[in-house]
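Here are my notes on this entry, as numbered points. Please read them with the model open.

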Amino acid sequence: MIPKKFFRHVFEFCAVWLLAAVIRLLPGAFAIRCGRFLGALAGRLIKERMRLGHENLKRAFGDQLSYEERCRILHSLMELLGEALVESIIITPADVEKNVEIEGFHHIEQALALGKGVILLGPHFGMWELAGHVFGSRLPRAATLYKPMKNRFIDRYVRAARETCNIDIIPNQNTLRGVMRRLRDNYGVVFLYDQNAGREGILATFFGLPAITYAAPAALARKTGCPVVPGYFVKLSGFRRHRMVLKEPFTSIDTGNPAQDLRATVQQYNDFIEEVVRRHPEQWFGWLHNRWKIKSTFKEEAQSLMKS
């Protein structure tokens with residue numbers, strides 16, 4: 001007997017495919033406007049996520065933001081989310097060349113010249129999906145981590161679209177082995193680094209609050225000696241205008257205490273992302289994510305971290 005989930009997944013895939021087909025038929029300017037409208041509309045429907053967004057903004061900024069300012073930030077974010085969906089469907093290599101300014105790409109080139117690969121670390125920020133197009137067109141070898149979707153039909157569709165960017169997909173099974181192999185082959189490996197790591201992370205602070213953070217990029221950099229180049233995408237004013245900003249590699253921390261060095265490196269990464277988010281809070285998708293949720297196994301350590 002065919003499970004009900006199969007029919008639901010087929011229906012969901014058909015809806016996604018049809019939406020993408022319709023968007024591709026629209027003039028670019030109208031498609032972007034539709035995306036922003038649909039994003040704003042979605043913000044009215046996902047009430048629990050918007051409530052979480054308000055809570056996260058209050059955690060991060062305290063009384064610095066009024067309720068109206070928080071509403072404005074979340075409204076702008078939802079419009080951007082809708083625009084990002086449309087952009088991911090209609091983008092072409094010519095669009096990337098025309099619409100994306102790139103600042104600091106020489107940091108990646110210099111890092112790759114060392115022959116150890118490079119970790120490209122950044123947040124879910126602005127039109128971050130466009131990064132794959134930039135890296136795929138400008139780097140001889142690039143890869144990104146990918147968490148498969150529950151709907152296998154949509155998953156295949158999304159993977160096929162991403163693979164057209166000329167960028168390798170590393171699934172979350174055997175991730176460490178896949179990343180290590182590509183670093184040995186001098187790839188640029190993209191890590192989106194701003195989510196709650198759950199049981200796989202360590203505690204560091206983010207906006208002054210305990211946050212469970214992935215340790216893998218820092219551990220890989222220590223093990224392989226590869227540089228870690230931080231970067232982010234920011235939406236500019238004007239139609240379909242974006243900027244990719246790449247910074248100098250993080251300074252390696254080595255005091256002779258591996259555990260403390262790892263934690264200090266992870267904190268370094270969090271501090272970079274916090275600085276970016278403070279500058280453009282309306283472009284960070286993490287407000288809708290449970291970034292500061294602390295697992296029970298970390299509660300005592302989190303309390304100690306807040307006292308220190």
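1. Start with Ile108. Leaving aside residues up to four places away in sequence, Ile108 touches Val118, Leu120, Phe135, Leu139, Val229 and Leu246. Keep in mind that this is a predicted model. Ile108, Phe135 and Trp287 have the most contacts inside the largest nonpolar core, which has 73 residues. Another core lies apart from it, with seven residues, including Ala20, Ile23, Ile89 and Ile90.

2. Next, the helix pair α1 and α8. Helix α1 spans residues 4-25 and helix α8 residues 152-163. Their axes come within 8 Å and cross at roughly 35°. From α1, the contact takes in Phe6, His9, Val10, Glu12, Phe13, Val16, Trp17, Ala20 and Arg24. From α8, Arg152, Phe153, Ile154 and Tyr157 take part. By class, the contact has nine nonpolar, one polar and three charged residues.

3. Is His9 buried or exposed? His9 has 7% relative accessibility, so it counts as buried; the cut-off is under 20%. His9 sits in helix α1. Not counting residues up to four places away in sequence, its contacts are Lys150, Asn151, Arg152 and Phe153.

4. Now helix α10, residues 216-224. Which of its residues are buried? They are Pro217, Ala218, Leu220 and Ala221. These residues lie on the same side of α10, because they cover an arc of only 165° around the axis. An α-helix has 3.6 residues a turn, so residues three or four places apart point the same way. The cover over the buried residues of α10 includes the strands β2 (118-122), β5 (188-192), β7 (209-214) and β8 (228-235). The helices α9 (175-184) and α11 also belong to that cover. Just after α10, Gly225 takes a positive phi of about 80°.

5. Thr297 is a contrasting site to look at. Thr297 is found in the loop between α11 (258-279) and α12 (299-307). Its relative accessible area is 63%, so Thr297 is exposed, the cut-off being over 50%. Thr297 and Ala216 are 81 residues apart in sequence. In space they are 19 Å apart, C-alpha to C-alpha.

6. Last, the cysteines. How many disulfides are there? The count comes to zero, with sulfur atoms within 2.5 Å as the rule. Cys226 is buried, with a relative accessible area of 4%. Cys34 is partly exposed, at 24%.

Notes
Residues numbered from 1 in each chain as written. Predicted model: local features only at pLDDT ≥ 70, side-chain atom pairs only at ≥ 80, totals over all residues. Heavy atoms only, no water. Buried < 20%, exposed > 50% of the residue type's maximum accessible area, 1.4 Å probe, protein only. Axes fitted to C-alpha atoms, helices over the stretch in contact; angles between N-to-C directions. Helix = DSSP H or I, 4+ residues; strand = E, 2+ residues; numbered from the N terminus. Contact = heavy atoms within 4.5 Å. Nonpolar A, V, L, I, M, F, W, Y, C, P; charged D, E, K, R; others polar. Core = buried A, V, L, I, M, F, W, Y, C linked by side-chain atoms within 4.5 Å. Arc of directions from axis to C-beta.
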